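Here's a quick briefing to keep beside you while you look at the model. Have a look at the fold first, then come back for the notes.

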Amino acid sequence: MNIAIVGTGYVGLVSGACFAETGATVTCVDVDENKIEALKKGIIPIYEPGLDELVVKNVRAGRLKFSTCLPDIINEQEIVFTAVGTPPDEDGSADLKYVLQVAKTIGENLNRYLVVVTKSTVPVGTSRKVYTAIKKELDKRGVDVQFDVASNPEFLKEGNAIKDFMSPDRVVIGVESERAKKILTKLYKPFLINNFRVIFMDIPSAEMTKYAANSMLATRISFMNDIANLCELVGADVNKVRAGIGSDTRIGRKFLYAGCGYGGSCFPKDVKALIKTADDNGYSLEVLKAVERVNERQKGVMFEKLKRSFNGESLAGKKIALWGLAFKPETDDMRESTALVVMKKLLDEGCIVTAYDPEAMKECKRIMGDSIIYCNDMYEAVNGADALLLLTEWKEFRLPDWEAIGRSMNRKLVLDGRNIYDKEDLNEHGFEYHCIGK
Ligand SMILES: NC(=O)C1=CN([C@@H]2O[C@H](COP(=O)(O)OP(=O)(O)OC[C@H]3O[C@@H](n4cnc5c(N)ncnc54)[C@H](O)[C@@H]3O)[C@@H](O)[C@H]2O)C=CC1
Ligand SMILES: O=C(O)[C@H]1O[C@H](OP(=O)(O)OP(=O)(O)OC[C@H]2O[C@@H](n3ccc(=O)[nH]c3=O)[C@H](O)[C@@H]2O)[C@H](O)[C@@H](O)[C@@H]1O
């Protein structure tokens, strides 16, 4: 089976490598020539565990190829996926210009039947727009070619992307023809032990499912962050509350971790886009609006705690160490990361900021320039520091040498934004310790 994936970002590259694993011949296409040149040389532009090996293996086997020219390869494909970015527009809506650019290119070049699948996260009605854009170009050329559009939103998580893709909880596919359904069933069969995990539906429902899923997950997190803040005020422990409610199978254990706010390229953007879709339709999504507000507030909680630890004293000139910059562990992605908010507040206050992250240092430097001090390891970051703020729960931060840290810090103060440390343990080592929700 020949398939092309247009947009070789996170999703495009992971899907391309995973589809190639099944024996399909996959061409990943991107307009970014540097990225494609690098990929051809085996240089992977993102950090994702297991991705390098998978890409190199499938390139060597001749099943994974890279191109900058969709027109050159389009008529060799059975399926073309669009996995380009859909960044937020100024008003919060999803910007569809890249998706519609790809549709236009398809219409300008298509000469045989094709299934055009949107994998990017797009609002309800986008597949219709894709259909219209392709048809318009075909009509201009006076070409009568059959094609189908379909929606196949992606649910993978960064840091666990290969596993999520290879063994998904479910695959959601919106179709409007039996022909497209048959082709997509064949494509996904190798990933699924039982077919029940492919959920076929109409296209608008598939498009909405993606936003509803991310919004539900974001809602759980903001809900738990709200509860955590209340726990602090009334003397309860959010970790115990989480265990207490998560054991109810109707609630479930996952995505109930309170912390210093959610980030990433998707939750913030998708929550905003769904709110905008609703507003455009004359309906106000009150729950989601609160989810967003709570998250914005939560991103400021670490700074507030720091201020309180210094009894409102000015933080100017204080040296503050940050452990973790990425929006979550196992990624170098800093989009909408809480660290960005914290760094800005600390710099505005006149602090000296030192930082260490196992993978996101380069990305941080690209965004923040030389406004902060980049350290070679976690211990260098805390040297002479007046406080340590843990913002991303990388595994290597879990069991540090507190004795050594205590000796090198100026003040033994730890603020844990992900609740990974034990208060008693830290207190025994002579640290003042604050976390979220207890
Ligand atoms: N990053 C993630 O974990 C997930 C992302 N998604 C969704 O998937 C979509 C893609 O996300 P990412 O992979 O993170 O995007 P990204 O921003 O990392 O990559 C997008 C790529 O598309 C390329 N591109 C733009 N216009 C193009 C065109 N006309 N032709 C060819 N290539 C073009 C860009 O050069 C870029 O390399 C978004 O809609 C996102 O919401 C869905 C699930 C997970
Ligand atoms: O649409 C997308 O792009 C993806 O968005 C999320 O995946 P991702 O953003 O990679 O990361 P998550 O693991 O969901 O974490 C998002 C944020 O929520 C935070 N989080 C997560 C879980 C939790 O219990 N508490 C919490 O604060 C994380 O620290 C992180 O900042 C979804 O989990 C994926 O299913 C979806 O495909």
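The notes below cover the domains, one annotated stretch and the surroundings of a ligand.

Keep in mind that this is a predicted model. The chain splits into domain 1 (2–201), domain 2 (211–298) and domain 3 (301–434).

**Where domain 2 meets domain 3**
- Take the C-alpha centres of domain 2 and domain 3, and you'll find them 24 Å apart.
- Domain 2 puts 10 residues into the contact, while domain 3 puts in 13 residues.
- On the domain 2 side, the residues touching domain 3 are seven polar and three nonpolar, with no charged ones.

**The annotated stretch**
- Residues 321–423 carry the UniProt annotation "domain: UDP-glucose/GDP-mannose dehydrogenase C-terminal", which comes from an unreviewed entry.
- That span is 31% helix and 17% strand.
- From one end of residues 321–423 to the other, the C-alpha atoms are 19 Å apart.

**Around ligand 2**
- Which residues come nearest to ligand 2? Out of the 20 residues around ligand 2, they are Glu158, Tyr257, Tyr262, Gly264 and Cys266.
- Helix H9 (residues 203–234) supplies the largest share of the shell, at three residues.
- Sorted by class, the shell around ligand 2 has 11 nonpolar residues, five polar ones and four charged ones.

Definitions and conventions. Residues numbered from 1 in each chain as written. Chains lettered and ligands numbered in written order. Predicted model: local features only at pLDDT ≥ 70, side-chain atom pairs only at ≥ 80, totals over all residues. Near = placed C-beta within 6 Å. Helix = DSSP H or I, 4+ residues; strand = E, 2+ residues; numbered from the N terminus. Nonpolar A, V, L, I, M, F, W, Y, C, P; charged D, E, K, R; others polar. UniProt positions renumbered as here; feature names shortened; annotations may be inferred. Domains from an automatic or database assignment. Contact = placed C-beta atoms within 7 Å.
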